[in-house]
Structures are given as structure tokens and as C-alpha cells.
Amino acid sequence: MKEPGPGNADGMRVTVIGARRSGIAAALLMQERGAEVFVSDAGPVGAPERLELEEHGIGWEQDGHSSRVFDAGLCIVSPGVPPDVPVMKDMRRRGIDIVSEIEAASWFCEARMIAVTGTDGKTTTVSLIAAICREYAAESGFRVEVAGNIGVPFSSVVGGLARRDIVVVEISSYQLEACRTFHPDVAVITNITPDHLDRYGGSMEAYARAKYRIFAGQQCDDTLVVNADDPMLLERFRSFSLSGGPRLAAFGCDGMNARELGSSGAVLENGRIILFSDAEPDVMVISERELLKRGFAGRHNVSNALAASAAAAAAGIPAGPVRRAMAAFRGVEHRQEYVCERNGVTCINDSKATNLQALQKALEAVTGRVVLIAGGRDKGGDYSMLRELVEEKVAGMVVIGEARGLFREAYGDLVPVMEAASLHEAVSKGVDTALPGMTLLFSPGCSSFDMFDNFEERGSMFKRILREVAA
């Protein structure tokens with residue numbers, strides 16, 4: 001066990017709040033390690049989850065929390081549960097220790113951990129790091145797992161991993177809020193821009209503090225990798241002492257800032273990705289031109305490649321596997337994903353764009369004019385930041401979900417804005433509006449939770465509807 005955790009799991013009484021994927025995985029892991037587990041959800045528990053709990057003899061309840069949830073020494077909280085709901089306030093008042101599923105799983109993880117957080121680019125960076133690790137594992141013979149916010153609970157993969165193995169974990173600010181002793185061997189912060197401000201009372205500082213928990217438990221033999229192109233991170237780590245903490249590595253398209261900030265890392269110089277280290281000569285990984293051939297459209301994707309290169313180097317992976325994995329990588333589903341071309345219109349699924357910064361990057365990456373499908377649940381962003389880009393790039397806009405009025409108010413004086421009651425209606429209107437040579441871009445700029453369970457479901461629905469409309 002990498003960290004001892006709060007006592008021995010044998011005989012421990014554990015309450016899990018939230019019966020979705022991560023909650024069920026945490027319950028099963030803790031029971032396997034000897035704990036007595038009870039699962040409680042404020043809403044309905046799905047049939048598959050009920051069957052799994054009952055098959056393992058784990059008690060559960062739905063549609064509210066009874067007093068039984070307080071009969072525990074430890075509470076594992078799912079990331080979707082806000083910290084200020086009554087049951088969590090009562091937990092704290094009673095002195096019950098509250099941790100996230102990521103924290104609890106880390107107590108039982110023997111493998112090397114590479115953890116990635118940030119506002120944007122997490123999933124692409126995690127997928128790239130995993131591809132690099134697998135390329136190296138093919139010649140070195142270790143196991144690679146991917147988990148966390150990417151869709152596979154960390155708790156479901158920790159069993160059976162050995163120290164020589166690697167697990168790459170994507171972690172959101174929600175998951176980091178209740179981390180206490182979590183300390184990955186390599187931690188990566190891709191960037192910090194306004195997001196989830198509805199959860200953090202409109203405070204960027206509060207949001208950033210949650211992100212910074214990724215390195216709070218790191219020690220002197222660990223590495224923190226940060227984006228030197230991000231103004232907030234550059235300011236923070238230029239003056240921040242890591243004495244007794246992790247080594248600092250940096251990446252960035254601005255090589256001067258990255259080399260100044262970190263003793264090692266990855267930079268873009270003369271159109272090439274370069275690995276640098278104070279202790280060794282620079283090593284070229286791949287050219288930016290070659291990355292563009294592989295579908296890395298936009299400077300943000302170059303940044304993701306830099307982050308993955310720096311993280312891999314920090315984990316001791318040589319440049320050769322990094323280079324081969326970069327050359328073979330073909331992108332990630334729902335992230336500026338090419339779907340099809342219909343009547344001369346290129347159709348792109350960017351359902352992972354759950355904030356306005358991600359929408360901005362998608363618009364910047366597309367060449368030519370765009371018919372944009374956007375909307376969902378607003379997260380408290382500043383819509384005015386996109387006005388210039390919308391006026392330049394967008395020929396028409398179809399908006400859905402709770403935020404459709406915000407989009408109309410923000411951009412209705414610049415471009416035609418049509419509202420749609422469903423995604424199906426939005427796709428139909430978008431297809432009818434886009435002319436040959438344009439791009440139909442589904443990049444919501446909002447969360448999916450008003451209409452879908454997650455962005456994956458939303459993106460898959462978009463592609464399914466597109467196929468139906470095309471037929």
C-alpha cells in the first residue's frame with residue numbers, strides 16, 4: 001500500500017455517498033480490503049448498480065440519506081456531490097473523516113502514479129501519456145492502466161498492480177477537494193482558467209486551490225510538471241518555494257519561460273518539441289509539422305504534446321518511445337473528433353468542450369467558417385470573451401439547453417442564433433444551415449448535466465443523430 005490511509009481497512013465502517021461509477025468502485029474496493037460498507041444516494045440508484053451491490057452483500061439506500069450514513073468512521077464522497085449539501089455538513093460536524101474515491105484508492109496503489117489535472121487538455125494529455133507508457137512497456141514489460149475522470153474509476157484498477165507498473169490518472173478539481181495524502185510520482189497541471197466557478201462561489205483562487213492539491217502530498221523524489229505558458233501557473237511557481245517538496249519541471253511553447261521555471265521539461269523551439277534537462281543535453285522528440293499531420297490542430301494540442309513529453313521524461317521514459325507514440329497517436333473521442341463530411345461540410349464532435357475556454361480553442365483550431373452547435377448547463381463563464389472570435393469565425397449558431405438564452409444574449413447581435421429544444425433538432429438545423437466548405441462544430445462550451453449524464457453520452461448522441469440525418 002503506497003499510503004497507510006486512516007487505519008486498517010479490516011473492520012472499518014465506511015459510508016460511500018453517491019452510487020455512480022466511482023462510488024460503486026470505491027465500495028467494492030473497501031469491502032475487498034475488509035471494510036464494512038454502506039452506500040447512500042440522494043437520488044435513484046440504477047438497476048445495474050443495485051444488482052452489483054446486492055451481489056456483493058453491500059447495504060444501500062436511495063432517494064435520500066438516512067441516519068445510517070453517520071454510523072461510520074470514514075466517508076468516501078463521489079465527485080458530483082457538492083461539499084455544502086446538508087449530509088456533508090453533518091458528516092463534518094460529527095467528525096467523520098471525508099475523502100474522495102481517488103484518495104481512498106491511492107492507499108492501496110502499489111504502482112507508479114502519473115496524475116493529470118487542469119482546466120483543459122487533461123484527457124488528451126492523459127491519453128498521450130498512456131500511449132507513451134504503453135510504447136515503452138512493450139519493450140520493458142510492465143502494465144499500464146488509465147483511470148480517474150477519464151471514465152474508469154481509480155478504485156477499479158488498483159488491484160494487482162505492482163510497483164514497476166504505471167497508472168495514469170485524470171483528476172478533476174472535484175476529486176481533488178477531498179484528497180489528503182494522495183501523492184503521485186509525477187503530477188501535471190495543464191492550465192488553470194475559469195471553470196466550475198458556480199461550485200467555487202465565483203472565486204478563481206478557490207478553484208485553483210483545489211487544483212493545487214494534486215501536489216500537496218508530493219515529496220522530494222516526486223516531480224511536479226506545470227505549464228509555463230499559463231500566466232497563473234507562471235506567477236505562482238516563479239515565487240513559490242518547493243523546499244522539501246517535489247522537483248519542478250515545466251513545459252511551454254515559450255521556451256524561455258519553461259527553461260527558467262523548471263530544471264527539466266519540454267519546450268517548442270524552432271518548430272520542434274525538445275526535451276531539456278539541466279543535467280543532460282537537449283533531445284528532439286518530434287516536429288510541430290509532424291504533429292499537425294497527425295491531427296494535432298491548434299497550439300493547445302501542441303501544449304498537450306509538450307505536457308505528455310515532460311511527464312513521460314519525469315517518469316524515466318526515454319525519448320524513443322515518446323517519439324514513436326506521438327507519431328502514432330490519432331486523437332481522443334469527443335475532443336475535436338472528425339466525424340464525417342456531408343455535402344462538403346466537415347462535421348466535428350467536440351462534446352468534451354464543457355467550458356468556454358475549450359470552445360474558444362475549438363473555434364481557433366477550425367479553418368474557415370463554422371456553424372456552431374453550443375449550449376448546456378452554464379458554469380459561470382464570461383461569454384463576452386468569445387465575441388471577437390464568434391464574429392470572425394461563426395456563420396450561424398444553434399443553441400440548446402439551459403444556457404441557450406445566454407448564448408443568444410451574448411452573440412445574437414453578431415450572428416444568427418437559432419434555439420433548439422433537443423440535440424436532434426439542433427443537428428437538423430445545423431446541417432440545413434451549413435454550406436459546402438464550412439464546418440459543423442458541436443462544441444457546447446457548457447456542462448452536459450441538464451440533458452445528459454455526461455459529455456460522452458452527449459457526444460455519442462451527436463454522432464448517432466448525425467448519421468441518422470445523413471441517412
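The legends below describe close-up views of a predicted model. Local features need pLDDT of at least 70 and side-chain atom pairs count only at pLDDT 80 or more, while totals for chains, interfaces and linings use all residues. Residues are numbered from 1 along each chain as its sequence is written, and side-chain values use heavy atoms, with hydrogens and water left out.

**View A. The open sheet has five strands in the order S3-S2-S1-S4-S5.** Helices (H or I, at least four residues) and strands (E, at least two) are DSSP runs numbered from the N terminus. Pairing in this sheet is parallel; two strands pair if DSSP finds at least two bridges between them. Strand S3 (59-61) and strand S5 (97-100) each have a single partner strand, so one side of each edge strand lacks a neighbour in the sheet. From one strand to the next, the twist averages 25°.

**View B. Strand S4 (residues 74-77) pairs with S5 over four bridges, in the parallel sense.** Val77 stands opposite Ser100 in S5. Helix H3 (residues 86-93) packs on the sheet and touches strand S1 (13-17), S4 and S5; contact means heavy atoms within 4.5 Å. The direction of H3 makes about 155° with that of S1, where angles run from 0 to 180 degrees between N-to-C directions and axes are lines fitted to C-alpha atoms, for helices over the stretch in contact.

**View C. The largest nonpolar core has 62 residues.** Such a core is a set of buried Ala, Val, Leu, Ile, Met, Phe, Trp, Tyr and Cys residues joined through side-chain atoms within 4.5 Å; buried means under 20% relative accessible area, exposed over 50%, and partly exposed in between (1.4 Å probe, protein chains only). Met30, Phe154 and Val167 have the most contacts inside this core. Helix H1 (residues 21-32) gives the most to the core, with six residues. Leaving out residues up to four places away in sequence, the contacts of Met30 include Leu74, Ile76 and Phe108. A second, separate core of 42 residues includes Ile132 and Val302.

**View D. Helix H5 (residues 122-140) and helix H11 (residues 299-314) have axes that come within 9 Å and cross at roughly 45°.** Residues of H5, among them Leu128 and Ile132, meet residues of H11, including Ala305 and Ala308.

**View E. Arg324 lies in helix H12 (residues 319-328).** Arg324 counts as partly exposed because its relative accessibility is 38%. Beyond its neighbours within four places in sequence, Arg324 is in contact with Glu135 and Glu139. Arg324 and Tyr136 are 188 residues apart in sequence and 9.5 Å apart in space, C-alpha to C-alpha.
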